[in-house]
Amino acid sequence: MNEIRNKNRKPGTKQQRENDLDRLTGILKKNTAEAGIASALREKQRGALFLCDVNDLKKINEQYGHLAGDECLKQVARILSYMIHPDDIFGRHGGDEFIIFMPDCTDADQAREICERMENRFRADRGKDKRQISLSVTVVCVLYRPGDTFRGLLERAETELKGREDTWKTRKEQRRKDKDHYIKDVRQVRKELMEQIQKPGAYCQDYETFKGIYRFLERGIIRSGQKACVILITVVDEQGGSLLPCEKDVLMEQLGADIGRALRIGDVYTRYTSSQYLLLVIDTTEGQADHIVGRIKEQFLVGRQGNNILIHHCYELQPARIRERLG
């Protein structure tokens with residue numbers, strides 16, 4: 001803190017100088033700073049008064065403790081002291097506020113640039129270190145007008161600061177509401193997409209949905225290397241020919257129920273034609289697919305004569321082929 005004290009050093013004994021300084025930050029106390037600014041205004045009849053507010057200091061104290069909050073105030077004082085000139089007057093104005101008087105700042109554009117530079121200095125530190133408390137400040141400035149006293153200048157600065165703080169709080173509250181709104185959206189999406197499984201077994205879908213799931217898995221294999229197998233099961237007569245229409249409906253309904261029981265949750269199947277089912281089984285090779293079909297046949301053929309009433313063909317799912325665009 002010696003650098004900060006040197007910038008605010010006043011004539012007098014060491015004891016007098018120590019009494020003028022804020023014990024926590026090492027900069028001028030409020031009364032000393034205000035007296036110095038009032039004197040400089042009477043003498044120079046020019047200058048700019050800056051008020052700097054540490055945002056969310058109360059929240060920092062509640063979340064991290066008052067010792068951490070004190071360290072934040074010391075850090076703000078130290079950083080601001082690097083950004084002012086030796087002739088500027090820099091002091092503690094309140095619990096979370098600092099006051100700076102720059103006698104040589106007389107231009108409105110210059111004053112706005114200084115405010116932005118101070119605020120941006122703290123934004124630049126945010127996110128650099130996850131362990132460091134994120135700090136931000138709001139800085140406002142008012143320029144001296146002919147006839148201004150220190151109190152009049154300070155009142156204008158405090159009014160300006162209150163307006164900026166209200167705007168900042170409003171924006172912060174809006175961001176919080178937006179965030180809450182997005183969280184509600186996520187919950188609603190999750191609720192809408194989540195399936196309430198009524199009973200164990202495979203996932204029966206229409207053919208177009210089955211095709212979409214197939215292509216999704218086909219793309220995913222490129223990245224995951226997951227195994228999957230497609231099985232086509234056909235109902236035939238004992239000679240391997242097509243069944244009569246009157247026979248198909250009953251047998252296909254029974255076959256669909258047997259497939260649903262034989263497959264696992266996560267597998268998918270669909271009715272492909274009037275006498276065929278398509279199955280998409282996950283984490284399965286062709287050899288394992290034969291065992292799955294064996295279980296389905298065993299259930300389907302209970303109490304029925306003839307073993308050739310079901311035939312099947314299968315292949316392992318391959319990664320989607322990425323074709324180069326032609327032309």
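This is a predicted model: local features need pLDDT of at least 70, side-chain atom pairs count only at pLDDT 80 or more; totals for chains, interfaces and linings use all residues.
1. Arginine 92 stands opposite phenylalanine 98 in strand S3. Strands S2 and S3 pair in the antiparallel sense over 4 bridges, and a hairpin of 4 residues carries the chain from S2 to S3. The residues of S2 face two ways: Ile89 and Gly91 point to one side, Phe90 and Arg92 point to the other, and all are buried.

2. As to the chain as a whole, it contains 10 helices and 9 strands. Of its 327 residues, 37% are buried. Contacts between residues at least 6 apart in sequence join residues at least 24 apart in 70% of cases. The chain exposes about 20900 Å², and carbon and sulfur atoms supply 48% of that area.

3. Strands S2 and S3 belong to an open sheet of 4 strands, arranged in the order S2-S3-S1-S4 with antiparallel pairing. Its edge strands are S2 (89–92) and S4 (137–143), each of which pairs on one side only. On average, neighbouring strands of this sheet are turned by 15° against each other, direction ignored.

4. At the other end of that order, strand S1 (residues 48–54) pairs with S4 in the antiparallel sense over 7 bridges. Within this pairing, leucine 49 stands opposite valine 142 of S4. Helix H6 (residues 108–123) lies across S1, S3 (97–102) and S4, and runs at about 170° to S4.

5. Which residues have the most contacts inside the largest nonpolar core? They are Phe50, Phe98 and Met118, in a core of 30 residues. At least two residues of this core come from each of S1, helix H4 (57–64), helix H5 (66–81), S3, H6 and S4. H5 supplies the largest share, with 7 residues. A second, separate core has 24 residues, including Ala262, Tyr277, Ile296 and Leu301.

6. With 15 residues at 1.5 Å a residue, H3 should span 21 Å, and its end C-alpha atoms are 21 Å apart, so the two values agree. Several residues of H3 are buried, among them Thr32, Ala33, Ile37 and Leu41. An α-helix has 3.6 residues a turn, so residues three or four places apart point the same way. Glutamine 45 follows H3 and has a positive phi, near 55°.

7. Apart from residues up to four places away in sequence, glutamate 34 touches His93, Phe150, Arg151 and Leu154.

8. Proline 103 is placed in the loop between S3 and H6. Proline 103 has a relative accessible area of 4% and is therefore buried. With neighbours within four places in sequence left aside, proline 103 is in contact with Lys44, Arg46, Gly47, Asp87 and Asp88. Proline 103 and isoleucine 37 are 66 residues apart in sequence, while their C-alpha atoms are 8.9 Å apart in space.

9. The other sheet to be described is also open and has 5 strands in the order S5-S7-S8-S6-S9, with mixed pairing. Strand S5 (203–204) and strand S9 (310–316) are its edges, each pairing on one side only. S5 and strand S7 (residues 268–273) pair in the parallel sense over 2 bridges. Tyrosine 203 stands opposite valine 268 of S7.

10. Two helices may be described together with this sheet. Helix H8 (residues 207–224) lies across S5, strand S6 (228–235), S7, strand S8 (276–282) and S9, and runs at about 30° to S8. Helix H10 (residues 286–300) packs on the sheet and touches S6, S8 and S9; the direction of H10 makes about 155° with that of S9.

Technical notes:
Residues are numbered from 1 along each chain as its sequence is written. Side-chain values use heavy atoms; hydrogens and water are left out. Buried means under 20% relative accessible area, exposed over 50%, partly exposed in between (1.4 Å probe, protein chains only). Contact means heavy atoms within 4.5 Å. Accessible areas come from the Shrake-Rupley method with a 1.4 Å probe; for residues, only the protein chains shown count as cover. Two strands pair if DSSP finds at least two bridges between them. Axes are lines fitted to C-alpha atoms, for helices over the stretch in contact, and angles run from 0 to 180 degrees between N-to-C directions. The expected span of a helix is 1.5 Å times one less than its number of residues. A nonpolar core is a set of buried Ala, Val, Leu, Ile, Met, Phe, Trp, Tyr and Cys residues joined through side-chain atoms within 4.5 Å.
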